[in-house]
Amino acid sequence: MDLDALLRCVGTTSCVVTQLTSGMIIGMLLFLIASGVTLIFGVLNVINFAHGSLYMIGAYAAWTFYQLTGSYFVSALGAAVAVGVLGILFERVLMSKVYGSNVLMQLLVCYAVVLISDDLIKIIWGPVPLSMGMPPEFRLPPIRFMGGVIPPFYLFMILAAMAIGLLLWLVIVRTRFGSIVRAAAINGPMVSALGIRVNLYYAAVFGIGSALAGAAGALAAPVRSLTPGMGFSILIESFIVTVIGGMGSIVGAFVASIIIGLTRSFGSIGFPLFVDGVMFLIMALVLIFKPSGLFGRPHR
Amino acid sequence: MVAAGLVGAPAISKAQTGAIKIGVPTILSGRVAILGQTSVGGLKVVFDKFNEAGGINGRKIEMVVRDSKGAPQEAAKVTRDLVNNDKCEIILDAEASSGAFAVQEVIREMGVLCIHSNSETSSLTADPKLHVPTAFRTARQGIHDAIGGGDYAAKIAKAKGLKKWATCSPDYAYGRSNTAEFMEYAKHFDGNIQVVEESWPKLFQPDYTEVVTKLLNAKADAMYSALWGGDLVAFIDQANLYGLFDKQASFMVNLGDYGVVDQVKQFPQGVYSGGRYNRTVPATKENEEWYQNYVKTQKHKPTNWSWENAVAAEFIVEALKKTNGDTNGKKMAEAIKGMTLKSQFGTKGTVTMRAEDNTLVDYIIGYGVSQSKEPYVSDFQASAWEPIFELEKQWKKKQGYIS
């Protein structure tokens, strides 16, 4: 515990700017993944434990598209679309069979997918870590702002994640598609009785959630080592975010992601050996005082 | 008792007539899968040659490689399985330090010969409480690198006025001990050095953003890091975004290894890098031939783990020749203890398995400066072993390992 260092940092503009942006970078990547988890849970009432694998596949897909096209933007878009399609297949072939089953059965199906996808990654791309490297358009000196340091790529990551989040929110809140999805989340059979093919909407939601994970993988690919199993650690954090924010709440996922990002960022200075502990502590406090999460509604 | 002995006899006899099975627990998946891949490569180069020459008494060596996934409990389980179920007669522990300590305890019970080929944590062989008579180490040892590296760093620090230091190393036995030892000897050689910031990212941590920004905020003159493998690759990729290497002098003991060099897309220049494996260190015909042969047969470049494992395999082969193929743990250990081998990886053309603590000495240690093109590390300065031996003895006394 080094609270003096934390206080020194908070009293210095350059440190505050650097750590704030650092927290936002961590948080926004988590938000993209957690928003997929929470969207799928909110509508389909299933917890997609294989979501980390979709993030991993997104990163590997982006790496492959980048090797083929040389364009990072095409690669990121391609990865999101590819993982979205894969998510739809996953939902239609496997997950749709366990809707309404107990959590253990859903967990089993997801865990099987995690193991299979890890092994497939090893077979296709090999066990050795891959590195995409920074695309040339982002190989720029870091931006100086009020004495703090902000890498241009990270600024892009934050803005891209926020834009995707905003778009998702608009789709859910302001479109007919979103209205049907929200209605299906509350009472699927009733929506079905109105002649709407709810299953198609379920698949679409799963696809969107998966595409968000794929986009997160693509955004992470230039700065993280690509390895089989890389989705596991981020999945745990994204579940913490989902629980804190409230299962099913995209706004909650956004706020909780920022809380976790800032905890990690400033925590690394003030309590570096207890950052994970504090994250779990926050989650525990939320569960004790508001079990449905900061923005969640009571579970159906 | 007699019955048990008679029942057991055919099995022993059978084991002594088939292939000599050598169990290799290692890491073949995850961020550091390259450790297992290039360790096995180093072993294969030697064992294939041994087998092509006919083996010993008609017995050839068969490797049984198992993935521990980097988990200590899995490393212990896999090692037990290799001995009990796969009937391996020798264990070649190609685990990182996180698993090597667990393997050491299994070997204590099993009594088979074991060579730790990758764990650099000094206490594994230096601490007499951990000593196992049939266990050896061919991996370089942290304290050796720390003394050699500390001396090198202190010279640079004095010349450039690097007083405030930060550290960034993985949070487990190797990272902690390696960093503490390096800084201890840097301070020993330059009393002006002080550590102002320490970062301990978790092993296999995916994101180093908060670590990098913490280092930036520390405004240190220099940084030491014992990060390695895929973790080091991810750290460099993320540190480059913040221009970290332009803001301070950096000393990275594991930077100049081909496994890292080939993966980092923007390889930092001017970083002080520890000597791991490099085809130009030493710049000898033998080393170049070994490199070429390795690349040709294994289809990838060798790493630090490759040479450490190749040396382990050579000790096993030589010991088998001495025992006439008897794989009994005690006999093999007696053969290896104090053995000197001709080796291109040695400072004087030889490496020795020091008898007093079952660890390798006389291998090449040193530091150079990173550059973006072959040979990736230039101005390599090899450390002399005599001062290392002297300071190592003092260090052992201080730790209470010797009196």
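Biologist: Which residues in H4(B) do those in H3(B) meet?

Modeller: This is a predicted model, where local features need pLDDT of at least 70, side-chain atom pairs count only at pLDDT 80 or more, and totals for chains, interfaces and linings use all residues. Residues are numbered from 1 along each chain as written, chains are lettered from A and ligands numbered from 1 in written order, and side-chain values use heavy atoms, leaving out hydrogens and water. Helices are DSSP runs of H or I, at least four residues, numbered from the N terminus, and contact means heavy atoms within 4.5 Å. From H3(B), B:Pro72, B:Ala75, B:Ala76, B:Thr79, B:Arg80, B:Val83 and B:Asn84 meet B:Ser98, B:Gly99, B:Ala102, B:Val103, B:Val106, B:Ile107, B:Glu109 and B:Met110.

Biologist: Which two cysteines form a disulfide, and how far apart are their sulfur atoms?

Modeller: A disulfide here is a pair of cysteine sulfur atoms within 2.5 Å. By that rule the count over all chains is 1. The pair is A:Cys9 and A:Cys15, with sulfur atoms 1.9 Å apart.

Biologist: Why is the disulfide of A:Cys9 and A:Cys15 left-handed?

Modeller: Look at the torsion about the S-S bond. The disulfide of A:Cys9 and A:Cys15 is left-handed because that torsion is about -95°.

Biologist: Is B:Cys114 buried or exposed?

Modeller: Buried means under 20% relative accessible area, exposed over 50%, and partly exposed in between, with a 1.4 Å probe and protein chains only. The relative accessible area of B:Cys114 is 0%, so B:Cys114 is buried.

Key: Helix = DSSP H or I, 4+ residues; strand = E, 2+ residues; numbered from the N terminus.
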